[in-house]
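This report looks at strand pairing first.

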Amino acid sequence: MVRNLVVVGAQWGDEGKGKIVDILTEAADIVVRFQGGNNAGHTVIVGLEKYVFHLLPSGILHPGKKCVIGDGVVVDPEVLVSEIEFLKSRDMFRPEDLLISKNAHLIMPYHKKLDMARERLRGHNKIGTTGRGIGPAYEDKVSRSGIKCGDLLNEEFFRVKLKANLLEKNHYIQTVLHEEGFEIHKIYHSYMALAAILAPLIKNTSLFLDTAIRAGKRILFEGAQGTLLDVDHGTYPFVTSSNTVAGQAATGSGVGPSRIDRTIGIAKAYVTRVGEGPFPTELAGPEGERLREQGGEYGATTGRPRRCGWFDAVALRYAARINGLDGLVLTKLDVLDSTDTIKICTGYMYKGEMIDDFPTEGSILTACEPVYEEVAGWNEKTGGVKEFAKLPKNARAYVKRLEQLTGVKVFIVSVGANREDAIIVKDAFK
């Protein structure tokens, strides 16, 4: 019996995790977000309504499901409160259904200023961050100067930590970055106002999850970003500032790794990437533009156009290995409906030699040329199809070929943006 399921992005993010988590939440009791911050956007379409969340787990739209923001998340309290207020305005928020880890770190105003100022200084060498302070918040966490959500519950302790941090941050901001510093009282009063709203939700979520696991509850652990953006295993330095792989589900939620029963990876039927960094199968010109427009490839968080390319089986095999993927969800198959010939990258040529393992070194990956296998398209509509056997023959063949090349079985095929546009090949919880 599968009770505790991890869902991670298997590419460079934006794979459609929000929709898939929303679908899988039907069978879960609890949904846990275990890393990242509001630099990730989950889009869920229910009927004619479109919901975009940056911090709230996607399962928040399901009445009676418990949602947890785990230890490994960095929380911008202003963004979180705005998402809560949005749901309240629609009578869709139930305070008893949301728990925020007291150990999750806070994003502070100075983190955002540091993030944007550093990107400006990098010039052409910029990372392509969202400017939302995610990296600097994780820096403070690792340097042991971070402020946690639990600190909001103690006004005096919060003030002491904030004052100590501002002594250092203001000096750096003013003397090195030549930016205006921050005044403690403004931040203090602003965060105490936010604390009044969030305080009832801040809990010992590790203990809550342990109790739930012992009671036999089904838990869905939801990652943000994608495997190839992992700070340790991604295309460094063009990565996010946290671990995005499945192993972080345990660390970022405070449960033991032996409690995880299955790991599912989400991948598009092609590949996209936002921001800077190497991208072997990227399509320039009309082909890439067509994929972008047909797939609506614009960032949910920033609105930035996504770079588009053919499916990269080399990268997916790597993602399968370091996540220990038990299954795959293939999204946006319908975007390829009108494509005559589809390419799949099966290997790379590097300095005249074929390599079939994904190199994370930027100097190597940038110089890699993709080796493609061509398959026939189907030129038929897949949207609205409810059974795998009823997909066009060539569409089924494409999915099967991806399974062969990646070594991972496909559990779900998504053929549209709505909840109901998903073909369940295998129940992820069975």
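Strands β19 and β20 (residues 422-424) pair in the antiparallel sense, over 3 bridges. In that pairing, S414 has A422 in β20 as its bridge partner. The model is predicted.

Strand β19 spans residues 410-414 and is mostly covered: 5 of its 5 residues are buried. Strand β15 (residues 327-331) also joins β19, through 3 bridges, and these two run parallel. Here L330 stands opposite V413 in β19. In a regular strand, side chains alternate between the two faces of the sheet.

Now the spaces. How many cavities of 30 Å³ or more does a search of the whole structure find? The search finds 1. The largest cavity is lined by A10, Q11, W12, L228, V271, D312, A315 and L316.

The second largest pocket has D76, E78, P109, K112, F182, E183, K186, I187, S190 and Y191 in its lining. Two elements give two or more residues each to that lining: α3 (109-122) and α6 (184-198). Helix α6 gives the most, with 4 residues.

The table sets out volume and lining class for both spaces.

| Space | Volume | Lining by class |
|---|---|---|
| Largest cavity | about 30 Å³ | 6 nonpolar, 1 polar, 1 charged residues |
| Second largest pocket | about 170 Å³ | 4 nonpolar, 1 polar, 5 charged residues |

Which residues are the charged ones in the cavity lining? With Asp, Glu, Lys and Arg counted as charged, D312 is the charged residue there.

Note on methods:
Residues numbered from 1 in each chain as written. Predicted model: local features only at pLDDT ≥ 70, side-chain atom pairs only at ≥ 80, totals over all residues. Heavy atoms only, no water. 1 Å grid on protein atoms, 1.4 Å probe; cavity = no way out; pocket = protein on both sides within 12 Å on 5 of 7 lines; lining within 4 Å. Points joined across faces, edges and corners; volume = space filled by probe spheres on them. Buried < 20%, exposed > 50% of the residue type's maximum accessible area, 1.4 Å probe, protein only. Pairing = 2+ DSSP bridges.
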